[in-house]
Amino acid sequence: MNRTTLSLLAVATALAAVTGFAVLTEPDGTGAAAPAAKTATRLPVERSSLLCPAPSTSEVAETVYTSFTPAGTGGEAGQAELKPSVATANDDTTADPKKEPGPAEKPAGSDGTDADQADTDKAPVKAADKAVVTLSQPGKPVSAEANGGDAPALIGTASGRLAPGWTTQQTTMVVAGGARGLLGVGCTAPDTDFWFPGASTAKGRQDYVHLTNPDDSAVVADVELYGPNGALKSQLTEGVPVPARSSVPVLLSTLTSDAAAADVTVHVTTRSGRVGAVLRAADDGFGSDWLPASADPAGTQVLPGIPADATSVRLVAYAPGEDDADVKIQLASQTGTIVPAAARELHVKSGMTASLDLKDVTRGEAGSLILSPARRGKATPVVAALRVVRGTGAKQEIAFIPATGPVGQRATVADNRDKGTTLSLTAPGATAEVKVTASAGTEAGAPTSKTYTVKGGTTQAVTPPLPSGLKGSYALTVETVSGGPVHAARTLAVPDDGIPMFTVQTLADDRGTVEVPTARQDLSVLED
């Protein structure tokens, strides 16, 4: 009999680094799994995925992509690239049942096959070979430009030492037309479930939800709309087919025959597979910007980064469960937490979208909104977002702030500039200390760091440190040092012709590491 001793620690470590999950079992004669190890270690992830929506259909659009991975602790070299999707439908994509769908829109299953199974026999599809953005080293951002209205959606992956914390910012300037504005969005990881409170099907709004499929099989997504009176009647019964490695924008107003609603919550789910989803809103009077998904439903939500000079703030919330939600509203300002004069609470009926006009709630002092249960012991989950307006009269501009989770261990936002960048840090509970690092510049500059103490219940709006010798743009990384959770947002302001164009991106934990169980001993396998 030969005895071969095998250590499963390396196997489990590799599995967890790729999938985020690993299990070690030890033979005990019964076939049962051994008790889980009491200790664990955190290791960098080995692969990340990002999806960027098609930026604009305007011929005067100017788009900049900025890609960055924080400096790490080594590992394999790896690579990070974003390539064009196979196809990106134009923004006239609708769900109009009277319209003959084109090839990219035709519902999977319209030929007699089931929508969930359609296209599964097709050969794998590859995106264009030439990368739009290529990142080669951690700690130094790179940028690329795409002008006009034909820029496609991008599909990207990062591996090795470029995977942990990989982020890409897409920033588009449109100076004229109905979609004018500064549109900013962090490219998103694929998922299966998204909530977008703050959308609209009202006249004067053109809201598109962009669905991007990163995989080699077609995906069918369901898009549900909820207004102030509940679910809006859908004209789309077969779902939205998203071909392999392609992107489809869907105009929300074509999904329902119900009367237009000023405040709508959009719920996107997939029947199988995964997509990246983000919503682009264009308002005839207020410009346009991207609305990212809200944090998952929870009893307490934080919406960070309301600018000090906001002239109008509107809260939109939705309760997806069976119970109504009574939500307490607080503003975390630079001096403390206060109750806004506009309202103390918001009642959100189950399955219905509720909204509240908070007007100029910040009154010249930057802040963040904290939503929590109004009744002790009843934390009904909600999703939420803010519509924020700066400027007055014909010189107004819109942006959105979704509820977001804390920065956790580390969070990053790219495409920060020497002027017009503001970082908001909010500690909704205990006082916290964070380290903010400005990376090297895309063209030149050396990184620099600064530590901030954020008092509990307050928001600090700071001009972040600049890399020394900066040329180009740079990335900001926020790391929790001690204390309670911190929520963060970056505002980028680029005024144009008297219009205070701006965009706000929230920062959430980049999940660049994964917890791996620590093996207590080598496991042995006996062979005859």
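Let's start with Thr353, which touches Tyr226, Gly227, Pro228, Asp263, Val264, Thr265, Val316, Ala317 and Tyr318, leaving out residues up to four places away in sequence. This threonine belongs to strand β25, residues 353-359. Thr353 counts as buried because its relative accessibility is 6%, under the 20% cut-off for that class. A polar atom of the Thr353 side chain lies 2.7 Å from the backbone oxygen of Tyr226, and Tyr226 is also among the residues that Thr353 touches. Everything here comes from a predicted model.

**The chain as a whole**

Stepping back, the chain holds 1 helix and 40 strands. Its length is 528 residues, of which 49% are buried. Among contacts with a separation of 6 or more, 82% join residues 24 or more positions apart.

**Cores**

Which residues have the most contacts inside the largest nonpolar core? They are Leu315, Leu369 and Leu386, in a core of 31 residues. Leu315 touches Leu369 and Leu386, and its other partners include Ile329, Leu346, Leu356, Leu358 and Leu371. Ala354, Ser355, Ala384 and Ala385 are also in contact with Leu315, again not counting residues up to four places away in sequence. Another core, of 28 residues, lies apart from the largest one, and Val219, Val240, Val250 and Ala261 are among its members.

Ala384 turns up again beside Ser294. The backbone nitrogen of Ala384 lies 3.4 Å from a polar atom of the Ser294 side chain. Ser294 sits in the loop between β19 (287-291) and β20 (301-306). Despite that loop position, Ser294 is buried, because its relative accessible area is 8% and the class takes values under 20%. Beyond its neighbours within four places in sequence, Ser294 is in contact with Trp195, Pro197, Val383, Ala384, Pro402 and Ala403.

**Enclosed space**

For the whole structure, the search finds 4 cavities of 30 Å³ or more. The largest cavity has about 60 Å³ of space. What lines it? The lining consists of Leu51, Cys52, Pro53, Val185, Gly186, Cys187, Thr188, His210, Thr212, Gly276, Ala277 and Val278. By type, these lining residues divide into 7 nonpolar, 5 polar and no charged. Four strands each give at least two residues to the lining: β3 (47-52), β10 (181-186), β12 (205-212) and β18 (276-283). Of the elements involved, β18 supplies the largest share, with 3 residues.

**Positions to look at one by one**

Asp415 has a phi of about 60° although it is not a glycine. Asp415 is part of strand β29, residues 410-416. With a relative accessibility of 2%, Asp415 counts as buried. Asp497, likewise not a glycine, has a phi near 55°. Its place is in the loop between β37 (487-493) and β38 (502-507). Asp497 is exposed, because its relative accessible area is 63% and exposed residues are those over 50%.

Glu443 is another loop residue, found between β31 (432-438) and β32 (444-446). At 61% relative accessibility, Glu443 counts as exposed. Where does Glu443 make its contacts, leaving out residues up to four places away in sequence? Its partners are Lys140, Lys471 and Gly472. Glu443 and Lys140 are 303 residues apart along the chain, yet their C-alpha atoms are separated by 9.1 Å.

Lys83 and Lys130 are 47 residues apart in sequence and 6.4 Å apart in space, C-alpha to C-alpha. Is Lys83 buried or partly exposed? Lys83 counts as partly exposed, because its relative accessibility of 23% falls between the limits of 20% and 50%.

The table gathers the accessibility values for the residues discussed one by one.

| Residue | Relative accessibility | Class |
|---|---|---|
| Asp415 | 2% | buried |
| Thr353 | 6% | buried |
| Ser294 | 8% | buried |
| Lys83 | 23% | partly exposed |
| Glu443 | 61% | exposed |
| Asp497 | 63% | exposed |

Note on methods: Residues are numbered from 1 along each chain as its sequence is written. This is a predicted model: local features need pLDDT of at least 70, side-chain atom pairs count only at pLDDT 80 or more; totals for chains, interfaces and linings use all residues. Side-chain values use heavy atoms; hydrogens and water are left out. Buried means under 20% relative accessible area, exposed over 50%, partly exposed in between (1.4 Å probe, protein chains only). A polar contact is a pair of N or O atoms within 3.5 Å; within protein, one must be able to donate a hydrogen and the other to accept it, and residues adjacent in sequence count only if both atoms are side-chain atoms. Contact means heavy atoms within 4.5 Å. A nonpolar core is a set of buried Ala, Val, Leu, Ile, Met, Phe, Trp, Tyr and Cys residues joined through side-chain atoms within 4.5 Å. On a 1 Å grid over the protein atoms alone, a cavity is a set of points where a 1.4 Å probe fits but cannot get out, and a pocket is an open set with protein on both sides within 12 Å along at least five of seven lines; lining residues have an atom within 4 Å of a point. Grid points are joined across faces, edges and corners, and a volume is the space filled by probe spheres set on the points. Ala, Val, Leu, Ile, Met, Phe, Trp, Tyr, Cys and Pro count as nonpolar, Asp, Glu, Lys and Arg as charged, and the others, Gly among them, as polar.
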